[in-house]
Amino acid sequence: MFKSFFNTVLLSFIFIVIFAIFIPFFSSTSVTLSEEYYLQYNINFSLISSSTLGFYWPLPSNHKISSYFGHRVSPTTGASSYHQGIDIPASENTYFLSIMDSKVLSTGFSGSGGYTIVCSSDSFRISYCHVSPNFLVSVGDSLVAGQVIGQVGPKYVYDVVGNPYHDSTGRPTNGSTTGCHLHVTIKLDSNAVNPLDYIEV
């Protein structure tokens, strides 16, 4: 009788351990956003795509890259000759997506990046630059991959005190930029990496 009781207790313990190991795995499945969700932003659901690593392409209707990661000729004064991200041209107010599950660290005007949203997830830090100052997310928000988080910003901004960035006409620009586009930087353990190693055009 004692042996039977012991076996029952042992089996119960094993079951509890297995339950504790596998249930969190199944419950952490990423949220999938619906077609109806994207319709409210006039985004074609069929254009939403993610890489084999699960990173979403940020601009579903725009896949041209105007400036790649790495060494380049600086396109304008104040722009780096070593580009730490990629530039995707898009019209002002085009909605863009979070490339991965993350949390919003900051929103605001950030030097050459202009209006910027910075997010983090584990060892990753993602910066979305030259965006609209009408932020759709706030510091502390938890984001899911594919969530609409902002809009491509204007070329010119007039409300930034001490903005050092201007074009040839003297008008103040949204950071160091020659036109409307989304700049995406991905840093892994504080080192900039090529976004195209994670997201696919």
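Thr 94 is buried in this predicted model, because its relative accessible area of 17% falls under 20%. The residue lies in the loop that joins strand E3 (85-89) to strand E4 (95-97).

**Surroundings of Thr 94**
- Leaving aside residues up to four places away in sequence, Thr 94 touches Leu 59 and Asn 62, and also Gly 150, Gln 151 and Val 152.

**Aromatic pairs and a cluster**
- A pair of aromatic rings is described by the distance of the centres and the angle of the planes.
- With ring centres within 6.5 Å counted as a pair, the structure holds 10 aromatic pairs.
- Tyr 37 and Tyr 38 form an edge-to-face pair, because their planes stand at 80°, which is over 60 degrees, while their ring centres are 5.1 Å apart.
- Tyr 38 also pairs with Phe 45, in a tilted arrangement with 6.0 Å from centre to centre and 40° between the planes.
- One aromatic cluster is formed by Tyr 37, Tyr 38, Tyr 41, Phe 45 and Tyr 95.

**Exposure within the cluster**
- Tyr 37 has a relative accessibility of 16% and therefore counts as buried, and Tyr 38, with a value of 1%, is likewise buried.
- Phe 45, by contrast, counts as partly exposed, because its relative accessibility is 35%, a value between the limits of 20% and 50%.

**A charge over a ring**
- The charged end of Arg 171 is placed over the ring of Tyr 156, at 4.0 Å from the centre of that ring.

Technical notes. Residues numbered from 1 in each chain as written. Predicted model: local features only at pLDDT ≥ 70, side-chain atom pairs only at ≥ 80, totals over all residues. Heavy atoms only, no water. Phe/Tyr/Trp six-rings, centres within 6.5 Å; stacked < 30°, edge-to-face > 60°. Buried < 20%, exposed > 50% of the residue type's maximum accessible area, 1.4 Å probe, protein only. Lys NZ or Arg CZ within 6 Å of the ring centre and 35° of its normal. Helix = DSSP H or I, 4+ residues; strand = E, 2+ residues; numbered from the N terminus. Contact = heavy atoms within 4.5 Å.
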